[in-house]
Amino acid sequence: MRLSKILMAVGLSTAMMIGSAQADSVKIGNVVELTGGGATVGINWKNAVEMAFGEINAAGGILSRKVELTNYDTQTNAQNSRAMVQKALDNGSYVILGPIYSSSTKVNMILTRRAEIPQIVGSEAPFITTAGNPYIFRTSFGAAQSMPKLAAYLKDGVKASSVGVVWVNDDFGKGGRDTVISELKKRGVKIAVDISTEVGQADFASDVIKLKNSGADAIFAYLHEEESARLLKEIKKHGLKQPVVGETTLMNQKVIDLAGDAANGAKGHVGLSADAPVPAVKEFAKKFEAKYGNKPDHNAIKGYIAAYTVKYVTEKLGKFDSKAFAKALHGMTISPKNEPGILMEVTWDDKGDIDRQSFLVEVVNGKQKITQILPKLGK
Amino acid sequence: MRLITIIASLAVLALLVVLPFNLKNYGIYILSLWMVYSIAAMGLNLTLGYAGQVSLAQAAFLGIGAYTTALLMKAGYPFLFGFGLSAGICFCVGLILGYPALRVQHHFLAFVTLGFNALVWLVFRNEEWLTGGTYGLMGFPRPSFFGIDTTNQVAFYFFSLTIFVLLAVILWWIVRSPWGRAFQALRENPIRANSLGVDIRRMTLLAFAIGAAYGGMAGSLFAPLVEFIDPQSFQLNTSLMLLLMVIVGGSGRFLGPVIGALLVVLLPEWLRFTEGMYLIIYASLVMVLLAFCPSGLIGLYERSVAALRARPSGSRGSEKP
């Protein structure tokens, strides 16, 4: 009898503790690629998000409520990502972060839109923000923002009059390819050859021979990290002398690690880089490397920024209101002066696309070297 | 025995009716997905399990059904029209795919069907004018019946459940009909079946065609369930997943693919708490199961029931000196 009373009391107080802890915390769902083909990018994002919310919680949380972060694994599978976003919504997420793969985002963003919950993604394919979804926000440039910069660079910086385009045939690659080709044509640059490749392709010999025979002045490569490294190696093997230009992935640290010497000389446009000459980014990179033992890639920076965006917008609103959050973030500019965690000043437009400083880089001696800083478009 | 089967089926059905009211949207979505995959796996079970024809093309039929329905619904046709046409198209394509099966068997047939799956996938991806290419198709509404809109997860669940039960009953009938016996005869010994007057040619083609039609009908449900389709969903790995469902559940057993699909769809969910370990556990479980019980989960169940029944008589026997 007495034992049961004690047990009851313990049970009740535990329940109350759990209850009060839940009332004091806010749930955020992080739906991201933790296994499968996208695991390398997804884990970078996840680690940075965990690091950011760890810092935020240590500093007292958001509006003095602790963040309760739950990770959901999409397995780099679009159908599964939809199920995971549904689960995150069922669990009462205030905001959803991720995923990174555009092919996943396009499937699951229907759900967040229906539930009126903001979703901050790492995807770059153009159609994410052209569908008129008021709840979707990017953390990096979409191809529609970065490709005009690249096309201008190919024409004026590289002085190419014809370009061979190599791209990966999925949502990411196709979106980039379509945009860059139209931007190049607009500037009077000829497309010497247009080569589609597969996700996970191992042998690029025939593609490189096509590039060699095309007589293009420059090569534009828009592939995922592993495939970029294989292409660069093959290009070196065949002794092609044309400059290889790309967007973010081509100059990624992972590509440099995998391709070794062959990556030297690769150049192009990067939205975010751990080597950016921005003290806040450098400091973040140092913290991240100390904690996880690897240099953060651009996806880690995206995740970190996403977490701090949640904090800043909520504190600005002064309440946890998902609908108002989405409304407020459209047209908002967040400066590191107001929120150091945002790292670089960033503006969201009415579609959820971002505008931010970006960089032209070249791989020199196995390291990204920033050759030029491109200002925000709106400035 | 028959009464027990009927009571058990009714109990399971009652459970499936009650379940969605106790689940959140996510759980209901997963259950709907399970029913859709079950339909496709039931079709494959007919081709592979009953008639013994190895097919790695079930995802292609799932895709043909999904694209047919999505395109028709986008053009404003009612769902049931798309559903019927999906079944019809897949039946015909399955019939054509069955022809190579008349000439090649086993792993050769697996390669023929694998090639077909790759071909269909390439059509989905490259014929942009029709299929939307890599970007896929979206923006087709979920169907509504008698004024009930299935955009609601529960409504769509009951809609899937109705079709699932209907198709399961039809397959139950096929398997028990002379056709079903002929399929099994074909699997066990085609030459003997032929000598007994079974038209092997017709039965092989039919096994493919009916299996494919089930794949098409599953695809037809898949499109409005996910509300989005792209070529990725119908790649070879989906065919392999469906094959896994049939084999893990118990190939050639009526409930095999349904149990297999339940395991393949739900096990990752149950193992989620293990985080990074789940793929290792999952793969090991499948390997152990298939090494020790090649007849799948249903086979395991049958063996345990047989062992339990055998035990009393065995112990009685040992009591006697």
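1. In chain A, seven strands form an open sheet with mixed pairing, in the order E7-E6-E8-E9-E10-E14-E15. Strands E7 (190-197) and E15 (367-374) of chain A are its edges, each pairing on one side only. From one strand to the next the twist averages 25 degrees. Strands here are DSSP runs of type E with at least two residues, helices are runs of type H or I with at least four, and both are numbered from the N terminus; two strands pair if DSSP finds at least two bridges between them.

2. This is a predicted model, in which local features need pLDDT of at least 70 and side-chain atom pairs count only at pLDDT 80 or more, whereas totals for chains, interfaces and linings use all residues. Residues are numbered from 1 along each chain as its sequence is written, while chains are lettered from A and ligands numbered from 1 in the order in which they are written.

3. Within the sheet, strand E6 (residues 162-168) and strand E8 (residues 218-222) of chain A pair in the parallel sense over five bridges. A:Val165 has A:Phe220 in E8(A) as its bridge partner.

4. Two helices of chain A may be described against these strands. Helix H6 (residues 143-157) of chain A lies across E6, E8, E9 (244-247), E10 (267-270), E14 (358-364) and E15, and runs at about 155 degrees to E10(A). Helix H9 (residues 225-237) of chain A lies across E6, E7, E8 and E9, at about 175 degrees to E9(A). Axes are lines fitted to C-alpha atoms, for helices over the stretch in contact, and angles run from 0 to 180 degrees between N-to-C directions.

5. Chain A as a whole has 13 helices and 15 strands. Its C-alpha trace spans about 90 × 45 × 40 Å along the principal axes. Of its 379 residues, 52% count as buried, that is, 20 or more other C-beta atoms, placed from the backbone, lie within 10 Å of the residue's own. Among contacts in chain A with a separation of 6 or more, 66% join residues 24 or more positions apart; a contact requires C-beta atoms, placed from the backbone, within 7 Å.

6. In chain B, B:Ile64 belongs to helix H3 (residues 58-74). B:Ile64 counts as buried because it has 24 C-beta neighbours inside 10 Å. Leaving aside neighbours within four places in sequence, the contacts of B:Ile64 include B:Ser86, B:Ile89, B:Val120 and B:Gly216.

Note on methods
Buried ≥ 20, exposed ≤ 12 C-beta atoms within 10 Å, placed from the backbone.
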